[in-house]
Amino acid sequence: MMMFVGNPLSGMAGPYWLPAGWAALGQLQPPGASGSLVRALSFFDGTGAGAPALTLGLWVLAGLLLILVADRRAARGPRPEAQPAAA
């Protein structure tokens with residue numbers, strides 16, 4: 001999803017060139033948020049860097065949450081298989 005949706009909608013040349021709805025969706029993906037963050041820090045002295053930094057932080061938290069859920073599921077062990085009923 002990140003490659004086929006996030007990259008084209010990231011608007012690395014500027015999200016202003018994309019239609020309004022697509023530009024907003026692209027800025028919620030990591031490639032768009034990181035491009036906006038780099039642009040804000042490099043050219044505008046950090047002005048407008050809050051929203052992209054928050055977006056990237058939320059993606060990091062979502063990834064960590066998924067890792068913790070997977071770790072807990074693995075710690076429980078495999079599910080017991082159903083026993084066939086004796087006839």
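Buried residues (under 20% relative accessible area, with exposed over 50% and partly exposed in between, using a 1.4 Å probe and protein chains only) make up 24% of the 87 residues in the chain. The model is predicted, so local features need pLDDT of at least 70 and side-chain atom pairs count only at pLDDT 80 or more, while totals for chains, interfaces and linings use all residues. Numbering starts from 1 along each chain as its sequence is written, and side-chain values use heavy atoms, with hydrogens and water left out.

**Whole chain.** Begin with a cartoon view, which shows four helices and zero strands, in the order α-α-α-α along the sequence. Helices (H or I, at least four residues) and strands (E, at least two) are DSSP runs numbered from the N terminus. Switch to a surface: the accessible area of the chain is about 6,900 Å², and carbon and sulfur atoms account for 71% of that area. Such areas come from the Shrake-Rupley method with a 1.4 Å probe; for residues, only the protein chains shown count as cover. Of the contacts (heavy atoms within 4.5 Å) between residues at least 6 apart in sequence, 34% join residues at least 24 apart.

**Confidence.** Next, colour by pLDDT, the predictor's confidence in each residue from 0 to 100. The chain averages 84, and 89% of the residues score at least 70. Helix H1 (residues 2-9) has the lowest confidence, with a mean of 74, whereas H4 has the highest, at 93. Where pLDDT is low, the predicted coordinates should not be read in detail.

**The loop between H1 and H2.** Select Leu18, which is found in this loop. Leu18 has a relative accessible area of 24% and is therefore partly exposed. Leaving aside residues up to four places away in sequence, Leu18 touches Pro8, Leu9, Gly11 and Ala23.

**Helix H2.** Move to residues 20-27, where Ala23, Gly26 and Gln27 are buried. Looking down the axis of H2, these buried residues fall within an arc of 95°, so they line one face of the helix; the arc is that of the directions from the helix axis to the C-beta atoms. The cover over the buried residues of H2 includes H1, H3 and H4. Centre on Ala23, which is buried because its relative accessible area is 10%. Its C-alpha atom lies 7.3 Å from that of Ser10, 13 residues away along the chain.

**The loop between H3 and H4.** Select Asp45, located between helix H3 (30-43) and H4. Asp45 is not a glycine, yet its phi is positive, about 55°. With 77% relative accessibility, Asp45 counts as exposed.

**Helix H4.** Finish on residues 50-76, the helix that holds Leu58. Thr55 is also in H4, and Thr55 counts as buried because its relative accessibility is 14%. Not counting residues up to four places away in sequence, Thr55 touches Gln27, Leu28 and Ala33. Now show Leu54, Leu58, Val60, Leu61, Leu64 and Ile67, which make a nonpolar surface patch of about 610 Å². Patches consist of residues with over 30% relative accessible area and no salt bridge, joining like charges within 9 Å and nonpolar side chains (Val, Leu, Ile, Met, Phe, Trp, Tyr) within 5 Å. A salt bridge is a side-chain nitrogen of Lys or Arg within 4 Å of a carboxyl oxygen of Asp or Glu.
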